[in-house]
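Keep the viewer open and follow along.

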Amino acid sequence: MTTGPAAASEEGTDPGAAPGPDLTADDTADGADGTDPGTGRFAILRAARRAFTQRPYAEVTMRGIAADAGVSASLIVKRFGTKERLFNTVADFGPAADRLFAAPPPELGRHLVLTIVRLRRENLSDPLLRVVFSLGNMDERTLLRERFREQVTARLAGLIDGPRRELRAELITGQLLGLGATLSLHRPGAGELATAEELADLYAPALQLLITGHLASSDGAHQADGPGGSDR
């Protein structure tokens, strides 16, 4: 018997129903400012993200998501078709990556921090953090991790130059996840008390160093401090 995301049908849904338009669009497809002008899509996706990251896939129901979103289960079926399709939409990091990487490498560090903070405030959820806190069986975790690696980490590695691009991309995404976890953990905290620009002033320089890969000056400083080196 098939379980997990591959088992799409459940009582009260129509496995053959056509999905709503733009299944892979980000939550902000309904409104660039995070609003949801009567379509219910924004609320459904927020509730689905909570459900799929807090409980195993088999325990999540369309009715439960509908109740959390304040909509009818039939509306979810109309917009997404099946639980599997809804899960696949939630597991899609592509739209968030489009916004995160919409800056040239010399400006990318600051842009990443600003975008993470702004997406959190628009959508009332972190665009990446679900890959860390997702529960469920191994198939679900593997799918989320594969999507994240392909759509975020590997894509970032292809955008930056210099040595060890894959390693640096992993460290960059790790710092972004760490930022999201910190802002989620401390409430009220910096996420509410500081502006996005203030957070970028403090956090972006370390990211930019990893993006550019310009480590030679730091290495030289360490060498100068050694025997026979100069402290100038």
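## Ground rules

Helices (H or I, at least four residues) and strands (E, at least two) are DSSP runs, numbered from the N terminus. By that rule Gly-158 belongs to helix α8, residues 138-159.

This is a predicted model, where local features need pLDDT of at least 70, side-chain atom pairs count only at pLDDT 80 or more, and totals for chains, interfaces and linings use all residues. Residues are numbered from 1 along each chain as its sequence is written, and side-chain values use heavy atoms, with hydrogens and water left out.

## The chain as a whole

What does the secondary structure of the protein chain come to? Twelve helices and zero strands, so reading along the sequence gives you α-α-α-α-α-α-α-α-α-α-α-α.

Of the 232 residues in the protein chain, 44% are buried. Here buried means under 20% relative accessible area, exposed means over 50%, and partly exposed is in between (1.4 Å probe, protein chains only). As for contacts (heavy atoms within 4.5 Å), take those between residues at least 6 apart in sequence: 68% of them join residues at least 24 apart.

Helix α1 covers residues 41-54. The expected span is 1.5 Å times one less than the number of residues. This helix is mostly covered, with eleven of its 14 residues buried. On the buried list you'll find Arg-41, Phe-42, Ala-43, Ile-44, Leu-45, Ala-47, Ala-48, Arg-49, Ala-51, Phe-52 and Thr-53.

Two packed helices are described by the angle between their axes and the distance between the axes. The axes of α1 and α4 (residues 83-90) come within 10 Å and cross at roughly 90°. Those axes are lines fitted to C-alpha atoms, for helices over the stretch in contact, with angles running from 0 to 180 degrees between N-to-C directions. The two helices are therefore roughly perpendicular to each other, on a scale where under 35 degrees is roughly parallel, over 145 roughly antiparallel, 65 to 115 roughly perpendicular and the rest oblique.

Which residues meet there? From α1 come Arg-41, Ile-44, Leu-45, Ala-48, Arg-49 and Phe-52, and from α4 come Lys-83, Leu-86, Phe-87, Thr-89 and Val-90. The residues of this contact divide into seven nonpolar, one polar and three charged. In this tally Ala, Val, Leu, Ile, Met, Phe, Trp, Tyr, Cys and Pro count as nonpolar, Asp, Glu, Lys and Arg as charged, and the others, Gly among them, as polar.

## A glycine between α2 and α3

Gly-70 sits in the loop between α2 (62-69) and α3 (73-80). With a relative accessible area of 65%, Gly-70 is exposed. Its C-alpha lies 9.2 Å from that of Ala-47, 23 residues apart along the chain.

The C-alpha atoms of Gly-158 and Ala-169 are eleven residues apart along the chain and separated by 8.9 Å.

Arg-164 is in the loop between α8 and α9. Most residues other than glycine have a negative phi. Arg-164, though, has a positive one, near 50°, and is exposed at a relative accessible area of 57%.

Helix α9 has 21 residues and reaches 30 Å from first C-alpha to last, close to the expected 30 Å. Not counting residues up to four places away, Glu-170 is in contact with Arg-149 and Thr-153.

## The kinked helix α11

The 17 residues of α11 (residues 196-212) should span 24 Å, and the end C-alpha atoms are 22 Å apart, which agrees. There is a kink of about 45° at Tyr-203, shortly before the proline Pro-205. That bend is the angle between axes fitted to the seven residues ending at a residue and the seven starting there.

The buried residues of α11 include Leu-199, Ala-204, Leu-207 and Ile-211. Just after the helix, Gly-213 takes a positive phi of about 70°.
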